[in-house]
Amino acid sequence: MEGASYQRFPKVKIRELKDDYAKFELRETDASMANALRRVMIAEVPTIAIDLVEIEVNSSVLNDEFIAHRLGLIPLTSERAMSMRFSRDCDACDGDGQCEFCSVEFHLRAKCINDQTLDVTSKDLYSSDHTVVPVDFSDTGSGFENNEDQRGITIVKLRKGQELRLRAIARKGIGKDHAKWSPAATVTFMYEPEIHINEEMMETLSLEEKTSVVESSPTKVFGINPHTQQVEVVDREAYTYDDEVLKKVEAMGKPGLVEIYAKEDSFIFTVESTGAVKASQLVLNAIEVLKQKLDAVRLSEDTVEADDQFGELGAHMRGG
C-alpha cells in the first residue's frame, strides 16, 4: 500500500576490507537508508583536525594564512574523536577549546641552516597526545618506496636562513562544518544490477553481431566465451546504467535480447578513508551517529506528544 510504513532489517556483507578501503553490500533496505548512511559517513562522523594556528616566526615564501590552511588539511589519527567533546560544548574550559578534553596541542620548529632545501612535513609536528598524530602514509602499500624523500605531507619548503615556528590546536569537528573534518575521501553506492540475456534470441545472431553487442558497453560487462561462442556476463557490477547495450539491441531490431534491472533493495558501497579512522571504523561510527540522530527524533516526537497531552504544563516543565 502506498505510503505504508514497514520494518526494515538491513543486512551487510563485506566484500573487501583494508585500513583505508572497504567494499560491502547493503541489502533488504531502501535508498533512503543507503543515502542516509552515505551522507553521515561524509559529513557527520567526527574527526580531529587543526583548527587554530599561532605562528611565532615565519620567514618562508608562504604567508601565515596559507600555512594555517595546509595544516588544517593534514589528516590526524582520530580514534578517540567519538569520546572527545566539541569545544563549544566543553565545560572544562568554558568553550575556549584549549583543554585536554576537547583539544590537542601541536608544536612545529624548523630552520634551514645549509644550502640544501629543507622540506617541512607533517612528521615535524609534535603532538601533546600520542594517540593524535598526523597520519603516516609510508606503510600503506601505495607503491612508493620508503626512503628519506617520503617523509609525510609537505607543509612548506625552506631555504637557508628561513625559519618556521608555530603552535597549533586541533579540535573535534564534523565535515558539515568544514571539509578538513571529513573522514571520507569518497563514499559511493550503486544499485546492484540484475542482467538477463535471452539465450534463444542470442543464438540467432552471428559472431560479428554478438561482438558488436559486447563492444557497445563502455565498460567490461559482457564477454564472449571462446569455447561456446556465447555472450555471457563477465562483471555485472561494472555496469554504469548507461543504457548503451539496450540502445544497441534496439537498433539491431532485437528488443528484449538483453534486459537490465536495478535491485531497489540491494546496494554496493565503496568507502575510502582519508586515514583519520579506518574504513571499517568509519562505517561503524556512521551507524552509531545515525542511531543517535534517530533517538533524537524519537525524543522530539515524545516531547510533542507530551505537549499535546499536558499542554502548557509540559512546556513549563522543560523550561519553555
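Two strands count as paired here if DSSP finds at least two bridges between them, and the strands and helices themselves are DSSP runs (E, at least two residues, for strands; H or I, at least four residues, for helices), numbered from the N terminus. What you're looking at is a predicted model, in which local features need pLDDT of at least 70 and side-chain atom pairs count only at pLDDT 80 or more, while totals for chains, interfaces and linings use all residues. Residues are numbered from 1 along each chain as its sequence is written, and side-chain values use heavy atoms, with hydrogens and water left out.

Let's start with the open sheet of four strands that runs β3-β8-β4-β6, with antiparallel pairing. At its edges are β3 (47-58) and β6 (126-127); each has a single partner strand, so one side of each has no neighbour in the sheet. Further in, β4 (residues 103-111) and β8 (residues 163-173) run antiparallel and are joined by nine bridges. To find your place along that pair, look for V104, whose bridge partner in β8 is A170. Helix α2 (residues 64-72) packs on this sheet and touches β3 and β8, contact meaning heavy atoms within 4.5 Å. The direction of α2 makes about 150° with that of β3; such angles run from 0 to 180 degrees between N-to-C directions, with axes fitted to C-alpha atoms, for helices over the stretch in contact.

Now for another open sheet of four strands, ordered β1-β2-β12-β9 and again antiparallel. Here β1 and β9 (184-197) are the edge strands, each pairing on one side only. From one strand to the next, the twist averages 30°. Between β9 and β12 (residues 258-273) there are 13 bridges, and T188 sits opposite T270 in β12. Lying across β2, β9 and β12 is α1, which runs at about 155° to β9.

How are β1 and β2 tied together by side chains? E25 in β2 (residues 21-27) and R15 in β1 (residues 11-17) link parts that are 10 residues apart in sequence. Their salt bridge (a side-chain nitrogen of Lys or Arg within 4 Å of a carboxyl oxygen of Asp or Glu) has its closest N and O atoms 2.5 Å apart. By that rule, the count is 24 salt bridges.

Last stop: the largest pocket. A pocket is an open set of points on a 1 Å grid over the protein atoms alone, where a 1.4 Å probe fits, with protein on both sides within 12 Å along at least five of seven lines; lining residues have an atom within 4 Å of a point. This one is lined by 15 residues, with R8, P10, M33, L290 and L294 nearest its centre. α1 (31-43) and α6 (279-310) are the elements giving two or more residues to the lining.
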